[in-house]
Amino acid sequence: MKILVPVKRIAALEEDFEIRDDGRDVDGDFINWDLNEWDDYSLETAMQIKEAAGGEPEVVVVTVGPDDAEEVLRKCLAKGADRAIRVWDDALEGADQLAIARVLAGVAKTEAPDLILAGVQSSDHSHGCTGIALSALLDMPHAAVVAAMTYSAGDAKVRVQRELEGGMLHAVDVSTPAVLTIQLGINTPRYASLRGIKQAAARPIEELSAADLGADFASASRVRRMYVPEKSRAQMIEGSPAEQAARIAEIIREATGA
Amino acid sequence: MDNAASTATTSLYFAPEQITRVLFEGFASSAIYLFYIIGIAAIVVFCHGCYVQVRKYRRGAGDTASQAQIKDRLVAMVGTVLSHRTIKRRDTGAGHAHRLIFFGFVLLFIGTATITLEYDITARLFGFKFWYGDFYLWFSLVLDLAGVGLIAGMLYMMARRGWIKPPKLDYARPDREPGDPDFDRSGYRREDWAFLWALIIIAATGFVLEAARLVWLQDRPEVWTLRWWSPVGALLAEGMRAAGLGAEGAGSLRGGLWWFHGAIALVFIALIPRTKVKHIFTASGSLMFRDPLAAQRLPKTDPDAPSVGYAKITDLTWKHLLNLDACTKCGRCHEACPARAAGAPLSPRDVILSLREFANDALEKQSLPEEAKLDIHGKDVGQVFMETLWSCRTCMACVEICPVAVEHVPIIVQMRRKLVEEGQMEPLLQKTLQTIHKTGNSFGESKRKRAAWTKGLDFPVKDARKEPVDVLWFVGDYASFDPRNQKVTQGFARLLNQAGVNFGILYEGESNAGNDVRRVGEEGLYELLAENNIATLSSAGFKRIVTTDPHSFNTIKNEYPDFGGKYEIVHYTQMVLELIREGRLTPDRKLGYRTTYHDPCHLGRFNKEYDAPRALIEAVGCELVDMARSRDNSFCCGAGGGRIWIPDPVGKDKPAQIRMKEAAQIDGLEVFAVACPKDLTMFEDALKTTGNEGRFVVRELIELIEESMAPRQIAEEAVEAV
Ligand code: SF4
Ligand code: SF4
């Protein structure tokens with residue numbers, strides 16, 4: 001039994017930040033890197049399945065990212081993951097979520113996991129589609145935004161509860177192998193002590209280039225610009241209802257150029 | 001001594017060899033053999049008991065540091081025991097009584113040992129006798145007095161337990177509910193009473209025995225004439241005679257009582273290692289291996305060890321196992337503990353007693369139980385709750401007052417290390433630790449903002465990483481980021497500037513000093529922070545460090561040296577006092593406030609600086625009125641040990657609120673002065689929540705000093721500085 005947990009090193013912005021000169025991303029000086037919050041929960045889900053089964057299932061974490069991204073894999077190893085894989089290729093710089101999903105699909109094909117547990121989304125780019133794209137590329141069933149699940153290692157299906165709008169839950173049985181995207185709050189992620197992280201530094205991380213996987217990792221989109229929108233203005237309109245109405249009409253006229 | 005012409009006048013009429021005491025006179029030889037058999041049996045049981053105890057301690061982990069300087073340690077221990085220095089503190093009555101019992105017991109023991117030495121060793125083997133003549137007479141007198149002292153001390157202890165009943169002797173535990181299997185401490189109470197009665201009976205029967213011997217041998221002039229050398233015995237003998245007891249009756253009374261007295265005395269000795277009496281040895285041992293920096297400098301961990309902290313009872317060092325047995329349940333730590341006072345499920349005494357019961361159960365047997373039975377964390381009998389461990393504020397009040405040098409704080413922190421490793425902690429604390437890891441400060445602010453407070457000054461603050469300074473100011477998280485504290489921080493910068501001190505800060509190169517992170521038990525993160533700071537400090541040029549934060553002060557002073565960072569560091573109160581004394585700062589306006597001062601744990605108890613802040617209060621012309629609990633008995637604000645990052649339970653008085661109420665009892669109090677950024681935060685909050693706002697104010701000493709500087713002078717200096 002094997003569980004694959006794709007994780008991402010996300011960019012957390014400092015309070016005051018600047019946009020890079022090319023205008024397509026935030027200047028690296030203003031970024032604190034961290035493990036994506038959702039992935040903390042998907043890893044915890046995997047760890048709980050592993051522990052409930054007496055430790056037999058193998059938990060493999062994988063990330064697509066440059067050297068520095070190893071840091072998040074170490075954190076996962078410190079929390080108990082068995083193996084960690086990092087895939088990179090300079091050509092992946094600026095890759096979109098589909099390209100990432102393609103690389104991950106390449107890894108999934110060689111690893112052949114029984115379950116893939118991804119986060120619902122990443123807290124920096126928030127596309128929320130890498131996991132789902134992965135299921136499509138692998139032609140596996142999936143369930144998104146999983147808020148609760150029942151599964152024991154080796155089961156032929158997972159019973160999940162998906163979070164819908166308005167506080168509703170959607171109970172679904174998904175047959176395995178499957179891809180699930182895990183929602184925040186499904187469990188309480190464990191703490192990785194610094195000692196654990198330091199000790200994980202001595203553990204090997206398997207490195208692959210995208211080419212090793214023979215994957216086609218073309219992006220389907222590219223970032224044109226990243227910017228802070230101009231602040232919208234708000235003003236309180238004082239006066240009697242008639243005065244207020246007159247003022248509003250005036251503003252509309254100004255705005256529409258009429 | 002054996003000179004017949006010596007000073008003891010009454011003995012002149014007798015040959016000195018006559019003046020001694022009969023031992024087995026009138027005993028059949030079989031009875032004497034029986035006595036020896038019982039005596040030897042008692043010694044065998046005693047030795048086996050000692051062996052079991054020592055084997056228990058040896059089942060703990062090693063502690064090489066404590067084995068150094070054995071001679072100095074021995075001398076210090078003997079000094080402490082003889083002076084009763086630690087037992088007297090905050091309880092003079094118990095101190096005096098214990099002193100009577102202690103010296104009474106020691107003298108009586110030496111007395112008995114002397115008789116054995118002569119009768120069974122020197123006389124038997126070498127034919128050498130010394131227990132007669134003047135020596136014997138003085139011996140009788142001293143031992144009689146010792147017996148009186150012992151009984152008097154015991155009576156006081158009985159009165160204390162039976163009538164005075166100080167709350168600290170109540171063994172009810174805050175960490176268990178009535179009905180829990182290990183809630184009941186009546187076993188301890190019974191043992192206490194049994195001990196008191198046993199000793200009193202031994203001493204009292206000893207006197208009766210002595211009197212009976214005198215009456216029995218009243219016809220022997222060398223006995224009867226010299227009877228007043230045993231004043232208590234002689235007095236009782238007179239009473240017996242008055243009551244009509246004759247020599248013969250006294251003889252048979254002696255026979256029976258002799259066996260009774262001997263039997264309980266021997267049973268008592270045999271049971272020493274198995275009862276509370278063993279504190280004679282364990283407490284002395286504990287004092288001998290005392291670490292004067294037990295709470296100030298926590299033990300390092302081995303980075304390669306498969307696990308850290310105390311998970312199993314066998315993870316405790318032999319010294320900490322010895323500590324557990326040294327505890328005399330005196331309750332001083334229980335009384336001093338702010339967590340206990342605030343209704344938390346923690347009493348340092350009960351942590352120690354729980355672990356002791358656990359160790360006795362698990363480690364006194366022939367072989368060790370299976371691994372799983374050694375786990376000291378959990379909800380079972382003898383195990384310590386995680387809530388208990390997280391309630392501790394590492395304020396050191398317990399370590400400070402413990403008369404027998406029990407090291408509660410390192411034991412608690414070692415146990416926390418295990419909890420941290422397993423992630424068993426409040427989510428908020430977990431978040432804070434992650435934040436500190438990510439940003440280097442507990443506020444989650446960007447490093448860049450660490451020195452933002454300098455923008456409010458009208459002079460530049462040097463970057464000590466770029467240019468050498470005389471004084472490097474380690475600012476600390478609270479003083480850097482907390483808006484209220486930033487005002488104080490700016491005030492201190494103005495004082496330094498005004499005094500013409502060449503100082504600088506580390507700007508974003510500074511990280512959280514790690515004092516509290518270490519006390520939470522996150523040793524890995526502490527190491528990271530300490531190493532970062534030491535690396536930055538070693539790249540800067542400075543003569544000494546100053547800080548306004550007692551927490552940073554403590555860890556830099558006491559713990560950084562273990563990581564290669566040895567610096568001279570002073571607290572700002574010490575430095576400002578120096579500047580005032582050198583005339584570089586002149587607080588000329590006398591403020592005249594009625595002021596009380598709260599000793600921060602990490603400045604006072606931890607680093608014994610009680611006087612500099614008080615001298616400053618005097619220097620600014622305030623009238624200092626200390627609270628009942630001050631100096632080494634100061635009552636923690638509740639923020640230590642990482643508790644500032646863990647929400648306190650609602651509905652119960654927090655330590656800071658208890659403290660505010662204590663201060664509010666001072667008539668006409670105007671200012672509650674503090675010398676610690678966390679204190680300012682905690683107490684300003686508590687001032688409001690206890691409804692004392694408007695009655696008095698909480699002020700940092702820095703603010704009082706600035707206020708007392710003539711406004712004109714400040715303005716002038718400020719202009720000059722620009
Ligand atoms: S350090 Fe303070 S809070 Fe902790 S047990 Fe000791 S007295 Fe109580
Ligand atoms: S630990 Fe020390 S202070 Fe506390 S009860 Fe025991 S002997 Fe007294």
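Guide: In this predicted model, two residues are in contact when heavy atoms lie within 4.5 Å. By that rule, the contact between the chains takes 25 residues from chain B and 16 residues from chain A.

Visitor: How much area is buried between chain B and chain A, and what share do carbon and sulfur atoms give?

Guide: About 1700 Å² is buried between chain B and chain A, and carbon and sulfur atoms give 44% of this area. On the side of chain B, the residues B:Glu421, B:Lys438 and B:Arg448 supply 27% of what that chain buries against chain A, more than any other three residues.

Visitor: Why is the pair A:Glu14 and B:Arg448 called a salt bridge?

Guide: The term requires a side-chain nitrogen of Lys or Arg within 4 Å of a carboxyl oxygen of Asp or Glu. The closest N and O atoms of A:Glu14 and B:Arg448 are 3.0 Å apart, so the pair qualifies as a salt bridge. Across the interface of chain B and chain A, the rule finds four salt bridges.

Visitor: How many residue pairs are in polar contact between chain B and chain A?

Guide: The count is 14 residue pairs, with both residues at pLDDT 80 or more. Helices H17, H18 (427-439) and H22 (523-539) of chain B each supply at least two residues of the side that touches chain A. The largest share of that side, five residues, comes from H18 of chain B. By class, the side of chain B that touches chain A has nine nonpolar, seven polar and nine charged residues.

Visitor: Which residues come closest to ligand 1?

Guide: Ligand 1 is surrounded by 13 residues, the closest being B:Cys337, B:Cys392, B:Arg393, B:Cys395 and B:Cys398. Helices H16 (397-401) and H17 (408-421) of chain B are the elements that give two or more residues to this shell.

Visitor: What makes 11 residues of the shell around ligand 1 nonpolar?

Guide: Cys is among the residue types that count as nonpolar, so B:Cys337, one of the closest residues, belongs to that class. The shell around ligand 1 divides into 11 nonpolar residues, one polar and one charged.

Visitor: Which residues come nearest to ligand 2?

Guide: Of the 13 residues around ligand 2, the nearest are B:Cys327, B:Cys330, B:Cys333, B:Cys402 and B:His408. The shell around ligand 2 has seven nonpolar, three polar and three charged residues.

Visitor: Why is B:Ser630 called buried?

Guide: B:Ser630 has a relative accessible area of 14%. B:Ser630 is found in the loop between strand S7 (623-624) and helix H26 (655-664) of chain B, and B:Ser630 touches B:Asp599 and B:Arg614, not counting residues up to four places away in sequence.

Notes: Residues numbered from 1 in each chain as written. Chains lettered and ligands numbered in written order. Predicted model: local features only at pLDDT ≥ 70, side-chain atom pairs only at ≥ 80, totals over all residues. Heavy atoms only, no water. Near = heavy atom within 4 Å. Helix = DSSP H or I, 4+ residues; strand = E, 2+ residues; numbered from the N terminus. Buried area = accessible area lost by both parts, 1.4 Å probe. Polar contact = N/O pair within 3.5 Å; in protein donor to acceptor, adjacent residues only side chain to side chain. Buried < 20%, exposed > 50% of the residue type's maximum accessible area, 1.4 Å probe, protein only.
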